[in-house]
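These are my notebook entries on one structure. I record what I looked up, entry by entry, together with the cut-offs behind each term.

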There are 2 protein chains.
Amino acid sequence: LSGFLKEFFEPRGVALVGATRTPGFGYGIPLMLKGQGWGERLYLVNPSATELHGMKVYPRVADVPDPVDLAVVIVGAAAVPGALNEIGARGIRSVVIESAGFAEAGDEGRALQEKALAVAREHGIRVIGPNCVGVVNTKNRFTTVEIIEEALQPGNVGIIAQSGVFGNVLLDGLHERGLHVAKAVTLGNRMDVNECDVLDYLRHDPDTRVIMMYLEGAADGRRLIETLGRVTRDKPVLVLKSGRTGAGRAAAASHTGSMSGEDALYDAAFAQSGAIRAQSLEELLGFARVFATQPLPAGPRLGVVTSSGSLGALAADAAVSAGLELPALSAATAQKMREGAPGWMNVKNPLDVGPSGLYQKAVAAMLQDPAVDMVLAVAIIPFAVVRQFKPFGLTPKTWFGDLASIRALAPHKPFALCAVGHSEFIADMASLSGPSIPLFTSPEPAARALAALWKHQRR
Amino acid sequence: LSGFLKEFFEPRGVALVGATRTPGFGYGIPLMLKGQGWGERLYLVNPSATELHGMKVYPRVADVPDPVDLAVVIVGAAAVPGALNEIGARGIRSVVIESAGFAEAGDEGRALQEKALAVAREHGIRVIGPNCVGVVNTKNRFTTVEIIEEALQPGNVGIIAQSGVFGNVLLDGLHERGLHVAKAVTLGNRMDVNECDVLDYLRHDPDTRVIMMYLEGAADGRRLIETLGRVTRDKPVLVLKSGRTGAGRAAAASHTGSMSGEDALYDAAFAQSGAIRAQSLEELLGFARVFATQPLPAGPRLGVVTSSGSLGALAADAAVSAGLELPALSAATAQKMREGAPGWMNVKNPLDVGPSGLYQKAVAAMLQDPAVDMVLAVAIIPFAVVRQFKPFGLTPKTWFGDLASIRALAPHKPFALCAVGHSEFIADMASLSGPSIPLFTSPEPAARALAALWKHQRR
């Protein structure tokens, strides 16, 4: 269905049309690709140059040797139709157009985009763009965009972003949140390839486990619903959707309500087709972190272990509001926890262990409780205490245990951690829990992310 | 009305009943207070000790010299009524009871709490607690809780937290978010003093500009509405309310719906009385950051300047949903921005300047536009670019300008910044914007925080 996209992610050779010595994409992308080991498979094209970054520059696309599957176009908008003609004549059928100045820039640009599309169709060329930064494949380190080295660490997240800049900046921060990309695409003006093509491609991509998508509008609403319905049966799709023109228009017209109407349609479409809509960028990232690392739950029953009753209550509120249940503990678990518990400890769910020293025992018991499908552990301790006891060798591990090992007691149950307080404490908890446990710094987002897992699984 | 609380925050002398050599509050709090310069005004009490941390220990409260306004009680629950009797007899009328094991611990504890209250009433003693960690006053560095030094940096935030641990941990992280406390109170079981007393006190406290409150339930619903109605006329009150028992009960009973009903009542009460309810801990902190640093807006009209159309759209969506308007730019501003703007730049609101180099000009123009009441600046740039140009002396300041100075062009208009991407970029933007500009790392919370300002002001 969308197998044609393979040439975009795994080209045998790449022609870069518009290589240049001037700072910008035409200078930076060749340098980036060479640095990632693509120098031998990269053919730079520019009629007025012979060498760049120590690589030969070909005057015309026609001169580029075999094998070459993909062309990346960086020339000015007006020169794009001509370039597409050359590319088609050379037998290349996959093109990323990064140049801007098309439909997004008014009537003249729109006409130019139509013209470019006609040329592409004539040659049977498939196009990503224009006005985008193309693709990233961390597995073979192929990228048509200058990104930081850290963003190329292979992972299991697929990204579809309508906007190039946003897609790029998203990649800048992901690794710091423990998220690593398998493949990323920025779509730009979607003159040809749109989000549906990429969704179908990522559905079959063995490296992609969860798909994050940023949309400003559907290229084709009906097809998007159909595609999402198909894809979400195999993989979770997390959507962040802005009502760009809608919000702008509604805002300018002061409460016409048109935006919220349109937005409700999208809400319904995502719900119907099984996509998980995030309410904010922050929420999208939190959801992705949980889907990228946790198994799907067998049911909606959440167990909460906490060292703060307040944060446990906030987590419970958020979880129940988002469709989860907080079951009573099973008799065996309750019995186990009552043994050795101080009198003030209330053995229930959320299980507030306070300063009882029973945190590790409680997390283990909760994970192993057959009445519980997933566990949220909330860990706080006044930092004055942490500082006071650090010289004596007491660390967060002393109080909260080796969470990575405890968590392994029930690898089939989703598990998330929430730590609140001083950044040093949160950093300690992050290293205690390790890369496979999603760490949140506020209880509500953690609970909502676990609820999103269930939302997906229920379907 | 609540002037009696002055003795809790500014005692001339303090008796600490239950000083001890065993690790815990009775050991740590004297050490903390001595370190903050309170050694000479602190009188430790313990019948079986004579010295602690180099300070004299008095056998009985009766032995404590004048002046002494406040007693902090840390003895076991069962000994508290007796201690209150001694304290009353000594003529002390203000007491913080930190001991736990009262109403929160079942029927026996509840009876003990009633007994303690009766003793307090008999002597005309006002009580904060039990089961709390009392008060913090950063101005005179008086604290009845062990907290980290950084949390004692004086600021303009007042905190009322029902839970002691949560209040404590909240203090651990605030300074890292640019929030500094004037006064904080944890209420515990609210045997006597409740959130209304403290609200009225903070209303008149010249150091408190904004009040953050965490509640699990109102001590007296009707009085809370009345009090909030009065206090919010003078100062913003930000509330985070969990439905603790409600959520727990609702969750256990699987969707009885009772919780959401009760919660709707609280929602209505907060709306009616002018308090701003935060939907999560994270949101509470974001709101506080904006209220602590920004003026109130003259109207609901938000101007958005962005280097990413996508993030601008997300900000616009969130702002309009939260009750703000995105007005058209005034003719003069539009004219100013069109001069020297590249053809692709769409001069409207949100104003997406892309890589035009016009970011600083746009922020300045937006701040000075009479059609705009407040400004949100969204700043992103691919980190690969930042890294590439850093060796040449180009920094985020080059692209985004001296935001602290630009912001000063319209000091009467609220201003917030959103930076997305690599943590190093965000840190750069934080130092560029300085302590008086609230920095967010996601556009929606920034927009909602500005909307909260207007919500308060409109009232």
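Entry 1, a proline. I looked up P23(A) and found it exposed, with a relative accessible area of 64%. The terms here are buried for under 20% relative accessible area, exposed for over 50% and partly exposed in between, with a 1.4 Å probe and protein chains only. P23(A) sits in the loop between β1 (14-17) and α2 (25-38) of chain A. Helices (H or I, at least four residues) and strands (E, at least two) are DSSP runs, numbered from the N terminus. From P23(A) to P396(A) I noted 373 residues in sequence and 49 Å in space, C-alpha to C-alpha.

I note the basis of all entries: this is a predicted model, in which local features need pLDDT of at least 70 and side-chain atom pairs count only at pLDDT 80 or more, while totals for chains, interfaces and linings use all residues. Residues are numbered from 1 along each chain as its sequence is written, chains are lettered from A and ligands numbered from 1 in the order in which they are written, and side-chain values use heavy atoms, with hydrogens and water left out.

I counted 18 helices and 19 strands in chain A. Its C-alpha trace spans about 80 × 55 × 40 Å along the principal axes. Of its 459 residues, 61% count as buried. Among contacts in chain A (heavy atoms within 4.5 Å) with a separation of 6 or more, 74% join residues 24 or more positions apart.

I found 60 residues of chain A in contact with 60 residues of chain B. The area buried between the two chains is about 4900 Å², and carbon and sulfur atoms give 59% of this. Buried area is the accessible area (1.4 Å probe) that two parts lose on being put together, summed over both. Two salt bridges cross between chain A and chain B, a salt bridge being a side-chain nitrogen of Lys or Arg within 4 Å of a carboxyl oxygen of Asp or Glu. E150(A) forms a salt bridge with R387(B), the closest N and O atoms being 2.4 Å apart. Several elements of chain A give two or more residues to the side that touches chain B, including α5 (164-174), β13 (237-241) and α18 (443-458). The most comes from α11(A), with eight residues.

D197(B) lies in α6 (residues 195-203) of chain B and is buried, with a relative accessible area of 6%. Eight of the nine residues of α6(B) are buried, so this helix is largely enclosed by the rest of the structure.

In α12 (residues 331-338) of chain B, the buried residues are T333(B), A334(B) and M337(B). They lie on the same side of α12(B), because they cover an arc of only 100° around the axis; the arc is that of the directions from the helix axis to the C-beta atoms. These buried residues pack against β16 (351-352) and α13 (359-368) of chain B. The face turned away from the buried side of α12(B) carries the exposed residues A331(B) and A332(B). Just after α12(B), G340(B) takes a positive phi of about 80°.
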